[in-house]
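Subject: Structure handover

Hello,

Here is the structure I promised to pass on. Please open it and keep it beside this email as you read.

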Amino acid sequence: QLHLVESGGGLVKFGESTRLSCVASPFSFENYKIGWFRQAPGKEREGIGCISPSNAYTNYFDSVKDRFAIARDTAKNTVYLSLNRLTPEDTAVYYCAAYYSDQYMCNIFHDGSPYETWGQGTQVTVSS
């Protein structure tokens, strides 16, 4: 089973940017789809977007697509989530997740489906 570890969270100021990493192990992630989610205190989990590492296809929810970007580095088996123009409303625990698929596109839903493997999450706190 693929194992995922997020990093890169921390305290960020209003309007600034940061980048989160999701490292997959112990084998290649190219036959998986990697998604990013977040959960703010007292709120439901929210999907952000996903990527197919094999072809770099990405899919985003409209609410974040103009500020967030997902990319991958196949040599490092790592997926990145760039967060730009951050506001306090972006404060949340950010998770990456994976599901196995040989399809060209990735899918993502707010309820977490169809993701089967999850990282432990990384906290991003945006100060005003």
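First, a definition: helices (H or I, at least four residues) and strands (E, at least two) are DSSP runs, numbered from the N terminus. Next, the ground rules. This is a predicted model, where local features need pLDDT of at least 70, side-chain atom pairs count only at pLDDT 80 or more, and totals for chains, interfaces and linings use all residues. Residues are numbered from 1 along each chain as its sequence is written, and side-chain values use heavy atoms, with hydrogens and water left out.

Cis peptide bonds

Start at Pro 26. This residue sits in the loop between β3 (18-25) and β4 (32-39). Its bond to Ser 25 is a cis peptide bond, with omega about 0 degrees. Now go to Ser 113 and Pro 114. The peptide bond from Ser 113 to Pro 114 is cis too, and omega is near -5 degrees. Pro 114 belongs to the loop between β9 (92-100) and β10 (117-118).

Positive phi

Look at Ala 56 next. It is not a glycine, yet its phi is positive, about 70 degrees. You will find Ala 56 in the loop between β5 (46-52) and β6 (57-60). Ala 56 is partly exposed, with a relative accessible area of 33%. The term needs cut-offs: buried means under 20% relative accessible area, exposed over 50%, and partly exposed in between (1.4 Å probe, protein chains only).

Arg 85 is not a glycine either, and has a positive phi of about 50 degrees. It lies in the loop between β8 (78-83) and β9. Arg 85 is partly exposed, at a relative accessible area of 45%.

Disulfides

A disulfide here is a pair of cysteine sulfur atoms within 2.5 Å. That rule gives two disulfides.

Cys 22 and Cys 96 form one of them, with sulfur atoms 2.1 Å apart. The torsion about their S-S bond is about 75 degrees, so this disulfide is right-handed. The pair links distant parts of the chain: Cys 22 is in strand β3 and Cys 96 in strand β9, 74 residues apart. Both Cys 22 and Cys 96 are buried.

Cys 50 is joined to Cys 106, S to S 2.1 Å. Here the S-S torsion is about 85 degrees, so the disulfide is right-handed. This pair also links distant parts of the chain, from Cys 50 in strand β5 to Cys 106 in the loop between β9 and β10, 56 residues apart. Cys 50 and Cys 106 are both buried.

Count the bonded cysteines along the chain, and the disulfide pattern reads 1-3, 2-4.

Best wishes
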